[in-house]
Amino acid sequence: MWHNKARLAKLRSVDILEYVAVFCPYCGEKNELTIERTDSAQSYAEDCQVCCRGMLIEVTTFDGAIDVSVRREDD
Ligand SMILES: [Zn+2]
């Protein structure tokens, strides 16, 4: 039963992380990302998990809601 306990503890520690799905601006495939829930806007580069091209991810949070936008790195 200690397995379950360990799993719960692990889940609790990622409370500030959110899983979001974005669609690649090149190939249109879905990418699942883990983003950190912070008060400030953040942007970073991420490679598409399908076509490996670079995407720019912009994350903004507003009233606890997360808005994620994706654009091509060469825009
Ligand atoms: Zn892609």
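This is a predicted model: local features need pLDDT of at least 70, side-chain atom pairs count only at pLDDT 80 or more; totals for chains, interfaces and linings use all residues.

Residues are numbered from 1 along each chain as its sequence is written.

**Exercise 1.** Find which element of the protein chain has the lowest mean pLDDT and which has the highest.

Step 1. pLDDT is the predictor's confidence in each residue, from 0 to 100. The chain has a mean of 82, and 80% of its residues reach 70 or more.
Step 2. Elements are DSSP runs numbered from the N terminus: helices (H or I, at least four residues) and strands (E, at least two).
Step 3. Helix H1 (residues 2-13) is lowest at 54, and strand S3 (residues 42-47) is highest at 91.

**Exercise 2.** Describe the open sheet that contains S3.

Step 1. Two strands pair if DSSP finds at least two bridges between them. S3 and strand S4 (residues 54-62) run antiparallel and are joined by six bridges.
Step 2. Gln-42 stands opposite Val-59 in S4.
Step 3. The order of the three strands is S3-S4-S5, with antiparallel pairing. S3 and strand S5 (65-72) are the edge strands, each pairing on one side only.

**Exercise 3.** Is Asn-31 buried, partly exposed or exposed?

Step 1. Locate Asn-31 in strand S2 (residues 30-36).
Step 2. Apply the cut-offs: buried means 20 or more other C-beta atoms within 10 Å of the residue's own, exposed means 12 or fewer, and partly exposed lies in between, with C-beta atoms placed from the backbone.
Step 3. Asn-31 counts as partly exposed because it has 19 C-beta neighbours inside 10 Å.
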